[in-house]
Amino acid sequence: MTESPIGLRDVYRARARIAPFVRRTPLVRADALSKAAGAEVRLKLECLQDIGAFKQRGAMNAILSLDPEARERGVVTMSTGNHGRAVAWAAARLGVRAVVCLSSLVPGRKVEAIRAAGGEVRVVGRGQDEAGEEAMRLVREDGLALIPPFDDPAVIAGQGTIGIELLEDFPEIDTALIPLSGGGLFVGIAGVLKAADPSIRTVGISMKRGAAMAASLEAGHPVAVEEVETLADSLGGGIGLDNRHTFARTAELIDEMVLLEEEEIAAGMRHLHHEEGLVTEGAAAVGAAALLAGKVRVEGRSVATIVSGRNVDMDSFAATIAV
Ligand SMILES: *Cc1c(COP(=O)(O)O)cnc(C)c1O
């Protein structure tokens, strides 16, 4: 196992730093899902964060970790939506300038949400990688500090605080179902859980359409995939061909990778709405979806899944759950 730059102490320090700014979210029982899965299933409700997604944790930790001069100059990021919203929100809370570079695939409601949170928006290209190039230009030319969406030790440590809360609230946990895109969420949580007990099973879940991490794990190195529309739009985007942390760490920590069809994700969203009264975006429903589809074996286990966000267009949500 290679030495990780993100240790447990970093996650505890992140937790102390961000505590005034993030919600310690509830972990709730999911009786219908438990029955369907034949296991004790609990939901970590990260959809209850102020910005509607867990990304507030990593963004806040990264900005709070900057030195005062860097904060004075401001921050920049590229994002498929929730991370951009999180950076704009966190920066606004701290009185820091934030520029968010987005691809034209990002839904308009997410762009508006970023502006509403106080961020300056720049739309460039059709993919996260092109938005990333514009962000790098602002770093070089304007001296802004880059807050990457996932491939960054401070961001990973921030997302890892979810892992500490899981262990505190559910010490019997033996399987974690974690939505997986760039891997900041997965690596943060799985790193904490495996440090506590290497036998805890960590399952990464993505959509079949355009899963860059799954394709990269398969290839043995980071690869680009075509970005396509999916119900789990927060799981879209590349992992970066020059990925420094999350690819290697995901490869070390992951016990099982599950890929879902669009109809399976829709069934997960429908279930969480009908049975638990939750509004979730596709990315947040993949744990429930994997259990309902029988794609992950959990019999008799103590399972937690991360309900990672609620930022979904209400018209398309209504259409998805109406079926
Ligand atoms: C970003 C995001 C994810 C995936 O997180 P990564 O760190 O990119 O793997 C999952 N769900 C939601 C709602 C997100 O915004």
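The legends below describe close-up views of a predicted model.

In this predicted model, local features need pLDDT of at least 70 and side-chain atom pairs count only at pLDDT 80 or more, while totals for chains, interfaces and linings use all residues. Residues are numbered from 1 along each chain as its sequence is written, and side-chain values use heavy atoms, with hydrogens and water left out.

**View 1. The residues around the ligand.** The ligand is surrounded by 17 residues, and the closest are K55, N82, S181, G183 and S308. A residue is near a molecule if one of its heavy atoms lies within 4 Å of it. Sorted by class, this shell holds seven nonpolar, eight polar and two charged residues. Ala, Val, Leu, Ile, Met, Phe, Trp, Tyr, Cys and Pro count as nonpolar, Asp, Glu, Lys and Arg as charged, and the others, Gly among them, as polar. The ligand takes up the space of the largest cavity. A cavity is found on a 1 Å grid over the protein atoms alone, as a set of points where a 1.4 Å probe fits but cannot get out; a molecule sits in it if more than half of its atoms lie within 2 Å of its grid points.

View 2. A backbone N or O atom of S181 is 2.9 Å from an oxygen atom of the ligand. For G184, a polar backbone atom lies 2.9 Å from a ligand oxygen. L185 likewise has a backbone N or O atom 2.9 Å from an oxygen atom of the ligand. Taken alone, the ligand exposes 380 Å², and the protein buries 97% of that. Accessible areas come from the Shrake-Rupley method with a 1.4 Å probe.

**View 3. T175 and T202, two threonines in strands.** T175 belongs to strand β7, residues 175–179, and T202 to strand β8, residues 201–207. Strands here are DSSP runs (E, at least two residues), and helices are runs of H or I with at least four residues, both numbered from the N terminus. T175 counts as buried because its relative accessible area is 1%; T202 is also buried, at 0%. Buried means under 20% relative accessible area, exposed over 50%, and partly exposed in between, with a 1.4 Å probe and protein chains only. The side chain of T175 makes a polar contact with the side chain of D174 at 3.4 Å. A polar contact is a pair of N or O atoms within 3.5 Å; within protein, one must be able to donate a hydrogen and the other to accept it, and residues adjacent in sequence count only if both atoms are side-chain atoms. The side chain of T202 reaches the backbone oxygen of L253 at 2.6 Å.

**View 4. I51 in a loop.** I51 is placed in the loop between β2 (40–45) and α3 (56–64). I51 has a relative accessible area of 4%, so this residue is buried. Its C-alpha atom is 8.4 Å from that of N311, 260 residues apart along the chain.

**View 5. G158 and A251, two helix residues.** G158 is part of helix α8 (residues 153–169), and A251 is part of helix α11 (residues 246–253). G158 is buried, with a relative accessible area of 0%, whereas A251 is partly exposed at 42%. A251 and L217 are 34 residues apart in sequence and 6.6 Å apart from C-alpha to C-alpha.

How values were computed
On a 1 Å grid over the protein atoms alone, a cavity is a set of points where a 1.4 Å probe fits but cannot get out, and a pocket is an open set with protein on both sides within 12 Å along at least five of seven lines; lining residues have an atom within 4 Å of a point.
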